[in-house]
Amino acid sequence: IGVRLVGSEMCIRDRARLQVKAGKCAGLVYDWTFDTSKTDDDKEIDGVLLVDKSNEPYLSGIEIGYKADLMGSEFTYINPKAQAACGCGISFHVEA
């Protein structure tokens, strides 16, 4: 899986886990959690991010960024696998 963290200045004790789950209007959403354990099915990226192999079809090639301004902060995603997204930018769709 090719994932690139853009502007990553993370200071965490545990690893972040990125998953794709069903939800919202376009069908799929990114889900972030923290995890202390790595399984045999996990790919570890830059020592801070875990991605389960079952999520590779949705996340392969994704670029993840982080931006903060006066309006708040958020992760940004450039996902070449996403073929559509909802208007709010929270969910996306991938053709099977």
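Predicted model: local features only at pLDDT ≥ 70, side-chain atom pairs only at ≥ 80, totals over all residues.
Local features need pLDDT of at least 70, and side-chain atom pairs count only at pLDDT 80 or more, while totals for chains, interfaces and linings use all residues. Residues are numbered from 1 along each chain as its sequence is written, and side-chain values use heavy atoms, with hydrogens and water left out.

Start with charge. Side chains of opposite charge can pair when their charged atoms come close. Across the whole structure there are six salt bridges (a side-chain nitrogen of Lys or Arg within 4 Å of a carboxyl oxygen of Asp or Glu). Arg17 takes part in one with Asp35, at 2.9 Å from N to O. Arg17 sits in strand 2 and Asp35 in strand 3 (residues 27-35), 18 residues apart. Strands here are DSSP runs of E with at least two residues, numbered from the N terminus. Asp42 also bridges to Arg17, at 2.8 Å, N to O. That pair joins strand 4 to strand 2 across 25 residues of sequence.

Are these side chains buried or exposed? Arg17 counts as buried, because its relative accessibility is 8%. Buried means under 20% relative accessible area, exposed over 50% and partly exposed in between (1.4 Å probe, protein chains only). Asp42 is buried at 7%. Asp35 is buried as well.

Setting aside neighbours within four places in sequence, Asp35 is in contact with Asp14, Arg15, Arg17 and Leu50 (contact means heavy atoms within 4.5 Å).

Arg15 belongs to another charged group. Arg15, Lys38 and Glu44 are linked in a network of salt bridges. The Glu44 to Arg15 bridge spans 3.2 Å, N to O. It links strand 4 (residues 42-45) with strand 2 (residues 15-23), and the two residues are 29 apart. Glu44 is partly exposed at 29% relative accessibility. Arg15 is partly exposed too, at 23%.

Now follow strand 4 onward. Strand 4 pairs with strand 5 (residues 49-52) in the antiparallel sense, over four bridges; strands pair if DSSP finds at least two bridges between them. Asp42 has Asp52 as its bridge partner in strand 5. Three residues lie between the strands of this hairpin, and Asp46 takes a positive phi near 55 degrees.

Next comes the core. In soluble globular proteins, nonpolar side chains tend to be buried together. The largest nonpolar core here has 13 residues, and those with the most contacts inside it are Leu18, Val20, Tyr30, Leu49, Val51, Leu59 and Phe92. Such a core is a set of buried Ala, Val, Leu, Ile, Met, Phe, Trp, Tyr and Cys residues joined through side-chain atoms within 4.5 Å. Strand 2 gives the largest share, three residues. Beyond four places in sequence, Val20 touches residues including Tyr30, Leu59 and Phe92.

Finally, the rings. There are four aromatic pairs, meaning rings of Phe, Tyr and Trp (its six-membered ring) with centres within 6.5 Å; planes under 30 degrees apart count as stacked, over 60 as edge-to-face and the rest as tilted. Tyr30 and Phe92 are stacked because their centres are 4.5 Å apart and their planes lie at 20 degrees. Tyr30 is in strand 3 and Phe92 in strand 9 (residues 91-93), so the pair ties together parts 62 residues apart. Tyr30 is buried at 14%, and Phe92 at 2%.
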